[in-house]
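Please view the model alongside the text.

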Amino acid sequence: MRAALSAVLLALTLGAAVLAGAQAPAREPNELGRVMILEYHKIDVPEGRWTRTPDNFRRDLQRLWERGYRLVALNDYLDGKIALPAGLTPVILTFDDSSPGQFRYIPRGNDWVMDPECGLAILEAFAREHPGFGRAATFYVLPGASPPNRLFNQPDLATRKLQYLVSQGYEIGNHSLWHAELGRYPESVVREQLAGAQEWVQRHVPGYRFRTLALPLGSYPKELAWALSGEAKGMAYKHDAILMVAGGAAPSPYARTFNPHRLPRIQAVERDLDYWLTYFDRTPGERYVSDGDAATITVMSGSSGKLGAVRAARVVERR
Ligand SMILES: [Zn+2]
């Protein structure tokens with residue numbers, strides 16, 4: 001009994017020492033684990049159902065960092081190209097509705113600089129201060145919405161912003177022209193909404209093509225095919241993935257359950273983030289953990305039957 005207690009105390013002490021040294025605890029690789037695709041709306045004050053304050057957003061990034069999560073681009077996840085060091089977990093950021101606090105410029109001298117309190121600036125500052133965290137996000141913009149949701153609400157700077165996003169490796173995604181609830185409309189309107197959004201973005205970034213669609217209000221059109229590809233008014237569109245507004249953590253891209261036409265997301269509000277971070281702390285076997293080798297997929301013993309159509313060369317089953 002006494003020996004057992006000592007062992008527990010020793011383990012606690014060691015655990016504290018590890019945490020104090022800011023070393024993430026060792027995690028066994030599990031590349032069939034689940035991945036959080038976080039969904040942000042407004043970055044602004046005050047905190048609300050659809051609003052995360054700048055301070056809380058910064059704190060979210062800190063919590064993710066401390067728990068061994070690293071940013072991965074949505075498109076790299078879709079392609080199964082998750083290149084993280086061993087023991088780390090991918091997390092994906094998405095920002096819906098192009099509201100002003102996500103990406104804002106403020107005047108300085110004769111030019112404009114990014115407002116340090118906007119979402120993008122916070123993300124970039126955090127990435128600079130935490131080498132290895134990564135710097136990736138997908139922005140589901142609304143090119144034809146009414147202010148303040150039309151392309152971050154600074155019309156004269158819209159081109160500069162969209163070009164900045166693309167030049168820095170961020171992704172711009174389709175969220176329809178003006179947040180149309182696609183399930184309510186006939187085929188022609190659905191297609192005009194999806195092609196129209198791309199056409200508007202191409203006025204700012206010539207030739208840019210969306211790869212993914214985030215459904216406004218989570219509403220699927222009556223036929224899935226209308227959302228996947230098509231054209232309207234001479235503009236063709238094609239989406240490799242469709243994101244929902246809820247549903248929890250997403251499957252590993254290597255899992256048999258992975259369905260790019262129904263990708264769930266987690267709304268990045270305090271309660272849901274708490275829930276999922278705690279969930280993965282308590283059930284570490286559910287969490288995607290990288291093996292550090294992009295050419296292999298490491299899975300837990302006995303679970304290779306859960307693999308889907310695997311694109312990587314080699315599967316390693318953990319003993
Ligand atoms: Zn939206």
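## Second largest pocket

On a 1 Å grid over the protein atoms alone, a pocket is an open set of points where a 1.4 Å probe fits, with protein on both sides within 12 Å along at least five of seven lines; lining residues have an atom within 4 Å of a point. The model is predicted: local features need pLDDT of at least 70 and side-chain atom pairs pLDDT 80 or more, while totals for chains, interfaces and linings use all residues. Residues are numbered from 1 along each chain as its sequence is written, and side-chain values use heavy atoms, without hydrogens or water.

The second largest pocket has 16 lining residues. Nearest its centre lie Leu32, Ala255, Thr257, Glu286 and Lys306. Its volume is about 310 Å³, taken as the space filled by probe spheres set on the points, which are joined across faces, edges and corners. The lining splits into 6 nonpolar, 6 polar and 4 charged residues. Here Ala, Val, Leu, Ile, Met, Phe, Trp, Tyr, Cys and Pro count as nonpolar, Asp, Glu, Lys and Arg as charged, and the others, Gly among them, as polar.

## Nonpolar cores

A nonpolar core is a set of buried Ala, Val, Leu, Ile, Met, Phe, Trp, Tyr and Cys residues joined through side-chain atoms within 4.5 Å. Buried means under 20% relative accessible area (1.4 Å probe, protein chains only). The largest core holds 45 residues, and Met36 and Leu38 touch the most other members. Helix H4 (residues 119–129) gives the largest share, 5 residues. Helices (H or I, at least four residues) and strands (E, at least two) are DSSP runs, numbered from the N terminus.

Beyond four places in sequence, the contacts of Met36 include Leu64, Tyr69, Trp276 and Phe280. Contact means heavy atoms within 4.5 Å. A second, separate core has 24 residues, among them Ile37, Leu74, Ile92 and Ile297.

Strands S11 (residues 229–232) and S12 (residues 235–238) run antiparallel, joined by 4 bridges. Pairing requires at least two DSSP bridges. Gly230 stands opposite Tyr237. The hairpin has 2 residues between the strands, and Lys233 takes a positive phi near 50°.

## Two loop residues

Pro29 sits in the loop between helix H1 (2–20) and strand S1 (36–40). Its C-alpha is 6.1 Å from that of Gly87, 58 residues away in sequence.

Leu182 lies between strand S9 (171–174) and helix H6 (187–204). Its relative accessible area is 0%, so Leu182 is buried. Its contacts beyond four places in sequence include Val190, Leu194, Leu215 and Tyr220.

Terms used:
Buried means under 20% relative accessible area, exposed over 50%, partly exposed in between (1.4 Å probe, protein chains only).
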